[in-house]
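Hi,

Here is the structure I promised to pass on. Have a look at it below, and then read on for what turned up.

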Amino acid sequence: MDEEIPIQSPPWQGFHHLALVTTNLDETVSFYIDLLGMQLHEMGIRPATPMHGRHAMIKPGACESWGLHFFEQLDAHIYTHPEALQRMVFVSGAMQHISFGLPDEEAALAFRERLITNGVPTTPIIKQGPLSLLQFPDNNGIMLEVIWPRRESA
């Protein structure tokens, strides 16, 4: 009888980055940096190569990961379900949303006001157990989410 060799898990250290496609890198960088208040990775916007278009990494705060890695592809087709803001619609084989954490309700409400002031549609605030969240599309139609701990009732 063959003896089973135990499989040792790799020493994972979380996510390094998430690669996404945009049809307009300048608009995407502006959306995430200027509107959402995230940071452009110190490498800045990188030029196109024979393998792919221009690209940039966006960091959601002071984190170890490189964050979101956007590649510009002018002919990309990005699909967003028309009911995405009314209900959580899952499209088979596709990413549903990217979620970012906020520390508390005050930060979340200020962030929501910032989105609304800039014409970005959002879902209502959704309460799920000990967390609250809201979702909104980026300039590419990619669904984003912010999530924060709910206040305990006094």
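A question to start with: is Y32 buried or exposed? Y32 is buried, because its relative accessible area is 0%, and the cut-off for buried is under 20%. Please keep in mind that this is a predicted model.

The search of the whole structure turned up three aromatic pairs. In one of them, the ring centres of F31 and Y32 lie 5.4 Å apart with the planes at 70°, so this pair counts as edge-to-face. F31 is buried as well, given its relative accessible area of 10%. Ring pairs tie F31, Y32 and F70 together into a cluster.

Now to the sheet. Four strands make up an open sheet with mixed pairing, and their order is β5-β8-β7-β6. The edge positions belong to β5 (98-101) and β6 (126-128); each has a single partner strand, so one side of each has no neighbour in the sheet. On average, neighbouring strands here are turned by 30° against each other, ignoring direction.

F100 has V146 in β8 as its bridge partner.

Helix α2 (residues 105-117) lies across β7 (131-137) and β8, and α2 runs at about 15° to β7.

Best wishes

Note on methods:
Residues numbered from 1 in each chain as written. Predicted model: local features only at pLDDT ≥ 70, side-chain atom pairs only at ≥ 80, totals over all residues. Heavy atoms only, no water. Pairing = 2+ DSSP bridges. Helix = DSSP H or I, 4+ residues; strand = E, 2+ residues; numbered from the N terminus. Axes fitted to C-alpha atoms, helices over the stretch in contact; angles between N-to-C directions. Contact = heavy atoms within 4.5 Å. Phe/Tyr/Trp six-rings, centres within 6.5 Å; stacked < 30°, edge-to-face > 60°. Buried < 20%, exposed > 50% of the residue type's maximum accessible area, 1.4 Å probe, protein only.
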